[in-house]
Amino acid sequence: FQNLTQLREIDLSHNFINVDPTPTLQPVSTLERLDLSKNRLTQLPQFDVALWPALRTLHLGDNAIETFQSSALVAPTLRELHVGAMGWSTTTLRSIGLDRATGLEVLNASHNALTVLPPALLQSATKLKQLDLQSNRISQLGDTLFSDLKKLFTLNVAGQYYTVQLRYETLRFPWDTIVPQNQLNGLLDLAVRWEGSRCLAQGRH
């Protein structure tokens, strides 16, 4: 890619990549969108989004990435981060550098092994509009997790591993438990739909 000085998008998804591609991709300083999803990546020791100042969208999902530089997957300029289906725990998600996510608008952390989201986790992501947490193991969200997310438009917490009582009179109880209603300041016209144990919440500004 060394001579491709005007390249804006690289899609390397659905391959069998198992080594850090950073040395090959680094010369493309104009890169705005990078898709490395659905590969066999387990380590990204040299990867750092700061190497691509113009990068806005990063797809890493459907890998098994366990090793990377601390705070190297997020930068203030990044707008979308997709890290679903990685087998990540809450501890791993905290280590990627969300405290630097001041420009982040979309975060997909679905199909992982998250159990709890600390109140300060998204404190810096004040521009966040879409948050996808479906199919994790979350039983509780931090009491003030949503207090700074004034622009949040879509929140997906479907398919969590919590017990649901499917009686009509208690249908909303699990939702009230997982997300304190007084913290949903950014979700207007809140709608909750249950399909078995699945729940989708979406708001409209």
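What percentage of the 205 residues of the chain count as buried? The figure is 47%, with buried meaning under 20% relative accessible area, exposed over 50%, and partly exposed in between (1.4 Å probe, protein chains only).

1. Basis. This is a predicted model, in which local features need pLDDT of at least 70 and side-chain atom pairs count only at pLDDT 80 or more, while totals for chains, interfaces and linings use all residues. Residues are numbered from 1 along each chain as its sequence is written, and side-chain values use heavy atoms, with hydrogens and water left out.

2. Overall fold. The chain has 13 strands and 3 helices; these are DSSP runs numbered from the N terminus, helices being H or I of at least four residues and strands E of at least two. Among contacts (heavy atoms within 4.5 Å) with a separation of 6 or more, 57% are between residues 24 or more positions apart.

3. Core. The largest nonpolar core has 47 residues. Such a core is a set of buried Ala, Val, Leu, Ile, Met, Phe, Trp, Tyr and Cys residues joined through side-chain atoms within 4.5 Å. Leu98 and Leu122 touch the most other members. Leaving out residues up to four places away in sequence, the residues touched by Leu98 include Val74, Leu104, Leu121 and Leu122.

4. Asn108. This residue belongs to strand β7 (residues 106-108). Asn108 is buried, at 19% relative accessibility. Its side chain makes a polar contact with that of Ser110 at 2.8 Å; the term covers a pair of N or O atoms within 3.5 Å, where within protein one must be able to donate a hydrogen and the other to accept it, and residues adjacent in sequence count only if both atoms are side-chain atoms. Beyond four places in sequence, Asn108 is in contact with Leu81, His82, Val83, Gly84 and Asp132.

5. Salt bridges. The structure holds 4 salt bridges, each a side-chain nitrogen of Lys or Arg within 4 Å of a carboxyl oxygen of Asp or Glu. One of them joins Arg8 and Glu32, with the closest N and O atoms 3.6 Å apart. Arg8 sits in the segment before β1 (9-11) and Glu32 in the loop between α1 (22-25) and β2 (33-35), 24 residues apart. Both are partly exposed, Arg8 at 37% and Glu32 at 36%.

6. Strand pairing. Arg33 and Glu9 form a salt bridge at 3.1 Å, N to O. Arg33 is in strand β2 and Glu9 in strand β1, so this pair ties together parts 24 residues apart in sequence.
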